[in-house]
Amino acid sequence: MIFFKYSVILLLILILINCTPAGNSTGDIPMETISQPIPTPTAVPPTPTAVPPTPTAVPPTPTAVPPTPTAVPPTPTTVPPTPTTVPPTPTTVPPTPTTVPPTPTAVPPTPTAVPPTPTFTFGPLDSVYRGLYLKEYQSSERSTYFSEALSHELVIDLHNHISETAAILNSELKTSLAHYPDLYLIEDTESFDKVRKFLNIDSGGFQPAGFFISACNPTRVAIDRCYGGIYADLSTGDYSWQLRMVSHEYTHSYINKTLNERWEVLAIWLNEGLAQWIENKVVPHDGGYWARLAAEDDNLFPLSSLERVQDWNRRSGEDVNLQYSQAQMAVTYFIDEFGGPKLLELITNSTRSGSVDFSMRALIGIGYQEFQNNLTDWIKAN
Ligand SMILES: [Zn+2]
(Lines give C-alpha, C1' and ligand atoms only; values in the text may rest on other atoms or scores of the structure.)
Protein backbone atom coordinates (compact mmCIF):
# COMPACT_ATOMS: atom_id res chain seq x y z
CA MET A 1 0.00 0.00 0.00
CA ILE A 2 1.69 3.16 -1.15
CA PHE A 3 -0.33 5.35 1.07
CA PHE A 4 1.26 3.73 3.97
CA LYS A 5 4.21 5.98 3.87
CA TYR A 6 5.22 6.61 7.33
CA SER A 7 7.38 3.81 8.47
CA VAL A 8 8.87 4.06 11.87
CA ILE A 9 12.26 4.39 10.22
CA LEU A 10 11.24 7.49 8.26
CA LEU A 11 9.74 8.97 11.34
CA LEU A 12 12.97 8.54 13.25
CA ILE A 13 14.91 10.15 10.42
CA LEU A 14 12.49 13.07 10.07
CA ILE A 15 12.73 13.64 13.74
CA LEU A 16 16.45 13.81 13.37
CA ILE A 17 16.35 16.33 10.50
CA ASN A 18 13.60 16.95 10.95
CA CYS A 19 -12.71 39.76 -2.35
CA THR A 20 -27.72 61.56 -9.81
CA PRO A 21 -30.37 61.73 -10.47
CA ALA A 22 -29.83 64.68 -12.85
CA GLY A 23 -31.33 67.88 -11.41
CA ASN A 24 -34.50 68.60 -13.41
CA SER A 25 -35.80 72.20 -13.16
CA THR A 26 -38.46 71.63 -15.79
CA GLY A 27 -41.08 71.99 -13.08
CA ASP A 28 -39.90 75.54 -12.30
CA ILE A 29 -40.22 76.82 -15.85
CA PRO A 30 -44.04 76.73 -16.10
CA MET A 31 -44.27 78.57 -12.80
CA GLU A 32 -42.23 81.46 -14.14
CA THR A 33 -44.19 81.49 -17.42
CA ILE A 34 -47.48 81.87 -15.53
CA SER A 35 -46.28 84.70 -13.33
CA GLN A 36 -44.99 86.61 -16.41
CA PRO A 37 -48.49 87.90 -17.67
CA ILE A 38 -49.05 90.08 -14.55
CA PRO A 39 -45.96 92.21 -14.83
CA THR A 40 -46.60 92.61 -18.59
CA PRO A 41 -47.77 96.41 -18.41
CA THR A 42 -44.91 97.47 -16.35
CA ALA A 43 -43.11 95.00 -18.26
CA VAL A 44 -43.11 97.11 -21.51
CA PRO A 45 -40.09 99.07 -20.58
CA PRO A 46 -38.45 96.29 -18.92
CA THR A 47 -39.12 94.22 -21.96
CA PRO A 48 -36.30 95.96 -23.87
CA THR A 49 -34.12 95.74 -20.91
CA ALA A 50 -35.14 92.21 -20.85
CA VAL A 51 -33.89 91.92 -24.41
CA PRO A 52 -30.40 92.93 -23.54
CA PRO A 53 -30.11 90.39 -20.92
CA THR A 54 -31.16 87.92 -23.51
CA PRO A 55 -28.01 88.59 -25.54
CA THR A 56 -25.95 88.50 -22.48
CA ALA A 57 -27.55 85.23 -21.93
CA VAL A 58 -26.39 84.20 -25.35
CA PRO A 59 -22.76 84.92 -24.66
CA PRO A 60 -22.65 82.68 -21.77
CA THR A 61 -23.82 80.03 -24.11
CA PRO A 62 -20.63 80.29 -26.15
CA THR A 63 -18.55 80.41 -23.08
CA ALA A 64 -20.28 77.30 -22.21
CA VAL A 65 -19.00 75.81 -25.38
CA PRO A 66 -15.37 76.28 -24.52
CA PRO A 67 -15.60 74.33 -21.39
CA THR A 68 -16.85 71.55 -23.50
CA PRO A 69 -13.49 71.27 -25.28
CA THR A 70 -11.68 71.49 -22.04
CA ALA A 71 -13.83 68.69 -20.99
CA VAL A 72 -12.48 66.67 -23.86
CA PRO A 73 -8.92 66.74 -22.63
CA PRO A 74 -9.75 65.28 -19.30
CA THR A 75 -11.17 62.39 -21.18
CA PRO A 76 -7.74 61.40 -22.44
CA THR A 77 -6.27 61.85 -19.05
CA THR A 78 -8.75 59.33 -17.84
CA VAL A 79 -7.47 56.90 -20.42
CA PRO A 80 -4.05 56.60 -18.84
CA PRO A 81 -5.34 55.40 -15.55
CA THR A 82 -6.74 52.44 -17.39
CA PRO A 83 -3.26 51.11 -18.18
CA THR A 84 -2.17 51.62 -14.64
CA THR A 85 -4.86 49.22 -13.63
CA VAL A 86 -3.36 46.63 -15.95
CA PRO A 87 -0.09 46.30 -14.04
CA PRO A 88 -1.70 45.26 -10.82
CA THR A 89 -3.05 42.26 -12.66
CA PRO A 90 0.43 40.85 -13.29
CA THR A 91 1.34 41.36 -9.69
CA THR A 92 -1.39 38.90 -8.88
CA VAL A 93 0.14 36.46 -11.36
CA PRO A 94 3.28 35.85 -9.34
CA PRO A 95 1.84 32.99 -7.34
CA THR A 96 5.38 32.54 -6.20
CA PRO A 97 4.94 34.98 -3.34
CA THR A 98 1.78 33.20 -2.37
CA THR A 99 3.86 30.14 -1.79
CA VAL A 100 5.83 32.01 0.81
CA PRO A 101 2.80 32.73 3.04
CA PRO A 102 2.02 29.06 3.52
CA THR A 103 5.10 28.85 5.64
CA PRO A 104 3.70 31.22 8.23
CA THR A 105 0.31 29.54 8.02
CA ALA A 106 1.90 26.64 9.80
CA VAL A 107 2.66 28.84 12.76
CA PRO A 108 -0.66 30.79 12.96
CA PRO A 109 -2.83 27.70 13.39
CA THR A 110 -1.81 27.68 16.98
CA PRO A 111 -3.48 31.01 17.77
CA THR A 112 -6.50 30.27 15.58
CA ALA A 113 -7.06 27.17 17.63
CA VAL A 114 -8.00 29.27 20.63
CA PRO A 115 -10.98 31.21 19.22
CA PRO A 116 -12.77 28.23 17.58
CA THR A 117 -13.08 26.56 20.96
CA PRO A 118 -16.40 28.23 21.81
CA THR A 119 -17.85 27.20 18.43
CA PHE A 120 -17.28 23.54 19.19
CA THR A 121 -20.41 21.47 18.67
CA PHE A 122 -21.07 17.77 18.39
CA GLY A 123 -22.76 16.28 15.37
CA PRO A 124 -26.28 14.82 15.56
CA LEU A 125 -25.02 11.35 16.39
CA ASP A 126 -22.61 12.46 19.08
CA SER A 127 -20.37 9.49 18.33
CA VAL A 128 -19.70 6.83 15.69
CA TYR A 129 -18.24 3.33 15.74
CA ARG A 130 -15.12 2.47 13.75
CA GLY A 131 -13.80 -0.45 15.71
CA LEU A 132 -14.13 1.76 18.75
CA TYR A 133 -16.29 4.74 19.58
CA LEU A 134 -15.19 8.13 18.34
CA LYS A 135 -16.58 11.58 19.01
CA GLU A 136 -17.67 13.71 16.09
CA TYR A 137 -16.93 17.35 15.37
CA GLN A 138 -18.93 18.79 12.47
CA SER A 139 -18.20 21.98 10.57
CA SER A 140 -18.52 23.21 7.01
CA GLU A 141 -20.54 20.13 6.09
CA ARG A 142 -17.77 17.72 6.94
CA SER A 143 -16.79 15.80 10.00
CA THR A 144 -13.75 15.02 12.03
CA TYR A 145 -14.00 11.98 14.27
CA PHE A 146 -11.65 11.74 17.19
CA SER A 147 -10.64 9.87 20.29
CA GLU A 148 -12.32 11.41 23.30
CA ALA A 149 -9.01 11.94 25.04
CA LEU A 150 -7.79 14.39 22.41
CA SER A 151 -8.02 18.09 23.15
CA HIS A 152 -10.75 19.94 21.29
CA GLU A 153 -8.29 22.65 20.34
CA LEU A 154 -6.10 20.13 18.51
CA VAL A 155 -9.11 18.48 16.87
CA ILE A 156 -10.42 21.79 15.52
CA ASP A 157 -6.97 22.87 14.48
CA LEU A 158 -6.34 19.74 12.41
CA HIS A 159 -9.91 19.87 11.08
CA ASN A 160 -9.21 23.38 9.80
CA HIS A 161 -5.82 22.26 8.55
CA ILE A 162 -7.59 20.23 5.85
CA SER A 163 -9.04 23.45 4.41
CA GLU A 164 -5.69 25.19 4.64
CA THR A 165 -3.95 22.39 2.79
CA ALA A 166 -6.64 22.42 0.09
CA ALA A 167 -6.09 26.17 -0.33
CA ILE A 168 -2.35 25.72 -0.84
CA LEU A 169 -2.85 23.00 -3.46
CA ASN A 170 -5.56 24.94 -5.30
CA SER A 171 -3.35 28.01 -5.31
CA GLU A 172 -0.22 26.25 -6.54
CA LEU A 173 -1.92 24.02 -9.12
CA LYS A 174 -4.38 26.77 -10.16
CA THR A 175 -7.35 24.55 -9.43
CA SER A 176 -10.55 25.06 -7.43
CA LEU A 177 -11.26 21.58 -6.20
CA ALA A 178 -13.60 21.66 -3.20
CA HIS A 179 -12.56 18.37 -1.69
CA TYR A 180 -12.95 18.08 2.07
CA PRO A 181 -12.89 14.47 3.23
CA ASP A 182 -13.67 13.33 6.74
CA LEU A 183 -10.79 13.17 9.13
CA TYR A 184 -10.17 10.53 11.78
CA LEU A 185 -7.84 11.47 14.59
CA ILE A 186 -6.82 8.57 16.80
CA GLU A 187 -5.02 9.05 20.10
CA ASP A 188 -2.73 6.02 20.16
CA THR A 189 -1.47 3.08 18.14
CA GLU A 190 -3.55 0.48 19.98
CA SER A 191 -6.74 2.37 19.08
CA PHE A 192 -5.44 2.96 15.57
CA ASP A 193 -5.00 -0.80 15.11
CA LYS A 194 -8.63 -1.35 16.16
CA VAL A 195 -9.74 1.11 13.49
CA ARG A 196 -7.53 -0.53 10.88
CA LYS A 197 -8.92 -3.95 11.78
CA PHE A 198 -12.49 -2.63 11.53
CA LEU A 199 -11.69 -1.19 8.10
CA ASN A 200 -9.88 -4.35 7.08
CA ILE A 201 -6.75 -2.42 6.26
CA ASP A 202 -3.70 -4.58 5.75
CA SER A 203 -0.53 -2.53 5.90
CA GLY A 204 1.63 -5.37 4.70
CA GLY A 205 3.66 -5.75 7.84
CA PHE A 206 4.60 -2.26 8.85
CA GLN A 207 2.86 0.17 11.13
CA PRO A 208 1.40 3.12 9.19
CA ALA A 209 1.15 6.45 10.97
CA GLY A 210 -1.60 7.55 8.63
CA PHE A 211 -3.50 6.64 5.46
CA PHE A 212 -6.50 7.65 3.41
CA ILE A 213 -9.30 5.68 1.76
CA SER A 214 -11.59 7.17 -0.87
CA ALA A 215 -15.20 8.13 -0.10
CA CYS A 216 -16.73 4.78 -1.00
CA ASN A 217 -13.64 2.79 -1.65
CA PRO A 218 -13.76 1.22 -5.13
CA THR A 219 -10.86 -1.06 -4.31
CA ARG A 220 -12.81 -2.71 -1.50
CA VAL A 221 -10.10 -2.14 1.01
CA ALA A 222 -12.67 -1.41 3.67
CA ILE A 223 -15.47 -3.72 4.76
CA ASP A 224 -17.98 -0.94 4.52
CA ARG A 225 -16.99 1.01 1.50
CA CYS A 226 -18.24 4.34 2.73
CA TYR A 227 -15.88 5.08 5.56
CA GLY A 228 -13.66 7.13 3.33
CA GLY A 229 -11.41 9.72 4.84
CA ILE A 230 -8.02 10.46 6.27
CA TYR A 231 -6.94 8.40 9.24
CA ALA A 232 -4.10 9.49 11.47
CA ASP A 233 -2.40 8.01 14.52
CA LEU A 234 -1.52 11.20 16.39
CA SER A 235 0.75 9.37 18.81
CA THR A 236 3.39 8.96 16.09
CA GLY A 237 4.72 12.49 16.29
CA ASP A 238 4.54 16.02 17.64
CA TYR A 239 2.29 18.85 16.42
CA SER A 240 4.41 19.73 13.36
CA TRP A 241 4.50 16.06 12.41
CA GLN A 242 0.71 15.83 12.77
CA LEU A 243 0.31 18.82 10.47
CA ARG A 244 2.61 17.23 7.90
CA MET A 245 0.92 13.84 8.12
CA VAL A 246 -2.60 15.23 7.69
CA SER A 247 -1.46 17.38 4.75
CA HIS A 248 0.38 14.45 3.18
CA GLU A 249 -2.59 12.08 3.31
CA TYR A 250 -4.95 14.88 2.24
CA THR A 251 -2.82 15.40 -0.88
CA HIS A 252 -3.18 11.74 -1.81
CA SER A 253 -6.93 12.09 -1.34
CA TYR A 254 -6.88 15.30 -3.42
CA ILE A 255 -5.01 13.61 -6.27
CA ASN A 256 -7.32 10.61 -6.11
CA LYS A 257 -10.33 12.91 -6.42
CA THR A 258 -8.69 14.75 -9.31
CA LEU A 259 -8.13 11.45 -11.08
CA ASN A 260 -11.73 10.32 -10.56
CA GLU A 261 -10.92 7.86 -7.82
CA ARG A 262 -8.14 6.22 -9.80
CA TRP A 263 -4.96 7.11 -8.02
CA GLU A 264 -3.59 3.61 -8.75
CA VAL A 265 -2.79 4.52 -12.35
CA LEU A 266 -0.56 7.42 -11.39
CA ALA A 267 3.23 7.06 -11.20
CA ILE A 268 4.11 6.74 -7.53
CA TRP A 269 6.88 9.34 -7.59
CA LEU A 270 4.36 11.99 -8.78
CA ASN A 271 1.84 11.01 -6.10
CA GLU A 272 4.27 10.68 -3.20
CA GLY A 273 6.35 13.57 -4.52
CA LEU A 274 3.47 16.05 -4.33
CA ALA A 275 2.48 14.71 -0.90
CA GLN A 276 6.04 15.25 0.30
CA TRP A 277 6.13 18.69 -1.35
CA ILE A 278 3.03 19.82 0.57
CA GLU A 279 4.61 18.67 3.81
CA ASN A 280 7.50 21.01 3.18
CA LYS A 281 5.04 23.83 2.43
CA VAL A 282 3.24 23.29 5.69
CA VAL A 283 6.30 22.72 7.82
CA PRO A 284 9.59 23.64 6.07
CA HIS A 285 12.24 21.02 6.62
CA ASP A 286 15.10 19.34 4.77
CA GLY A 287 13.23 16.65 2.89
CA GLY A 288 15.91 16.52 0.19
CA TYR A 289 18.63 15.20 2.49
CA TRP A 290 18.72 11.64 1.19
CA ALA A 291 18.37 12.70 -2.44
CA ARG A 292 21.35 15.04 -2.11
CA LEU A 293 23.52 12.30 -0.69
CA ALA A 294 22.60 10.00 -3.56
CA ALA A 295 23.02 12.71 -6.21
CA GLU A 296 26.60 13.35 -5.09
CA ASP A 297 27.39 9.70 -5.79
CA ASP A 298 25.20 9.53 -8.88
CA ASN A 299 23.08 6.96 -7.10
CA LEU A 300 19.65 8.43 -7.66
CA PHE A 301 16.97 5.98 -8.79
CA PRO A 302 15.97 6.16 -12.45
CA LEU A 303 12.58 7.90 -12.22
CA SER A 304 11.15 5.07 -14.34
CA SER A 305 11.85 2.74 -11.42
CA LEU A 306 9.76 4.94 -9.12
CA GLU A 307 6.53 4.56 -11.09
CA ARG A 308 5.07 1.23 -10.07
CA VAL A 309 3.72 0.48 -6.64
CA GLN A 310 5.37 -2.92 -6.73
CA ASP A 311 8.84 -1.40 -7.18
CA TRP A 312 8.10 1.19 -4.52
CA ASN A 313 6.91 -1.31 -1.92
CA ARG A 314 9.70 -3.83 -2.31
CA ARG A 315 12.39 -1.40 -1.21
CA SER A 316 13.51 -1.21 2.37
CA GLY A 317 15.86 0.61 4.69
CA GLU A 318 17.52 3.78 3.40
CA ASP A 319 16.16 3.09 -0.07
CA VAL A 320 12.71 3.91 1.30
CA ASN A 321 13.99 7.23 2.58
CA LEU A 322 15.71 7.91 -0.73
CA GLN A 323 12.67 7.21 -2.89
CA TYR A 324 10.51 9.59 -0.86
CA SER A 325 13.25 12.19 -0.77
CA GLN A 326 13.93 11.89 -4.51
CA ALA A 327 10.21 12.00 -5.31
CA GLN A 328 9.91 15.22 -3.29
CA MET A 329 12.89 16.81 -5.01
CA ALA A 330 11.68 15.73 -8.49
CA VAL A 331 8.25 17.30 -7.92
CA THR A 332 9.72 20.40 -6.30
CA TYR A 333 12.13 20.85 -9.20
CA PHE A 334 9.33 20.32 -11.74
CA ILE A 335 7.10 22.93 -10.03
CA ASP A 336 9.95 25.42 -9.69
CA GLU A 337 10.96 25.00 -13.33
CA PHE A 338 7.63 24.54 -15.12
CA GLY A 339 4.96 25.56 -12.63
CA GLY A 340 2.23 23.86 -10.63
CA PRO A 341 -0.37 23.83 -13.45
CA LYS A 342 2.08 21.94 -15.69
CA LEU A 343 2.63 19.40 -12.97
CA LEU A 344 -1.11 18.89 -12.70
CA GLU A 345 -1.21 18.36 -16.47
CA LEU A 346 1.56 15.81 -16.20
CA ILE A 347 -0.35 14.03 -13.45
CA THR A 348 -3.61 13.85 -15.41
CA ASN A 349 -2.15 13.37 -18.92
CA SER A 350 0.24 10.60 -17.92
CA THR A 351 -2.61 8.55 -16.49
CA ARG A 352 -4.37 8.80 -19.86
CA SER A 353 -1.35 8.18 -22.09
CA GLY A 354 0.01 5.52 -19.80
CA SER A 355 3.51 7.00 -20.05
CA VAL A 356 5.06 9.72 -17.92
CA ASP A 357 7.96 9.93 -20.41
CA PHE A 358 5.58 10.46 -23.35
CA SER A 359 3.49 13.06 -21.52
CA MET A 360 6.58 14.82 -20.28
CA ARG A 361 7.94 15.21 -23.82
CA ALA A 362 4.57 16.55 -24.97
CA LEU A 363 4.31 19.02 -22.07
CA ILE A 364 7.82 20.35 -21.53
CA GLY A 365 9.71 19.14 -24.59
CA ILE A 366 12.11 16.83 -22.82
CA GLY A 367 11.91 13.19 -21.79
CA TYR A 368 12.79 11.27 -18.69
CA GLN A 369 16.53 11.04 -19.31
CA GLU A 370 17.10 14.75 -19.89
CA PHE A 371 14.76 15.63 -17.02
CA GLN A 372 16.65 13.29 -14.74
CA ASN A 373 20.01 14.80 -15.73
CA ASN A 374 18.72 18.31 -15.02
CA LEU A 375 17.16 17.10 -11.79
CA THR A 376 20.44 15.61 -10.62
CA ASP A 377 22.28 18.88 -11.24
CA TRP A 378 19.52 20.79 -9.44
CA ILE A 379 19.58 18.52 -6.44
CA LYS A 380 23.33 18.92 -6.11
CA ALA A 381 22.89 22.69 -6.19
CA ASN A 382 20.07 22.66 -3.67
ZN1 LIG B 1 2.22 9.00 0.83
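**Stop 1: two crossing helices.** Select helix H13 (residues 152–173) and helix H15 (residues 239–258). They pack at an angle of about 55 degrees, with their axes 9 Å apart. Axes are lines fitted to C-alpha atoms, for helices over the stretch in contact, and angles run from 0 to 180 degrees between N-to-C directions. H13 and H15 are therefore oblique to each other. Here, angles under 35 degrees count as roughly parallel, over 145 as roughly antiparallel, 65 to 115 as roughly perpendicular and the rest as oblique. Helices (H or I, at least four residues) and strands (E, at least two) are DSSP runs, numbered from the N terminus.

Before going on, note that this is a predicted model: local features need pLDDT of at least 70, side-chain atom pairs count only at pLDDT 80 or more, and totals for chains, interfaces and linings use all residues. Residues are numbered from 1 along each chain as its sequence is written.

Now show the side chains. On the H13 side, pick Leu158, His161, Ile162, Thr165, Ala166 and Leu169. They meet Gln242, Leu243, Val246, Ser247, Tyr250, Thr251 and Tyr254 in H15. Contact means C-beta atoms, placed from the backbone, within 7 Å. The contact residues of H13 with H15 divide into 8 nonpolar, 5 polar and no charged (Ala, Val, Leu, Ile, Met, Phe, Trp, Tyr, Cys and Pro count as nonpolar; Asp, Glu, Lys and Arg as charged; the others, Gly among them, as polar).

Stop 2: Select strand S6 (residues 229–233). Of its 5 residues, 5 are buried, so S6 is largely enclosed by the rest of the structure. Buried means 20 or more other C-beta atoms within 10 Å of the residue's own; exposed means 12 or fewer, and partly exposed is in between, with C-beta atoms placed from the backbone.

Pairing needs at least two DSSP bridges between the strands. Find leucine 185 opposite alanine 232 in S6.

**Stop 3: another helix pair.** Select helix H19 (residues 318–338) and helix H22 (residues 368–381). They pack at about 100 degrees, with axes 10 Å apart. H19 and H22 are therefore roughly perpendicular to each other.

How values were computed:
Contact = placed C-beta atoms within 7 Å.
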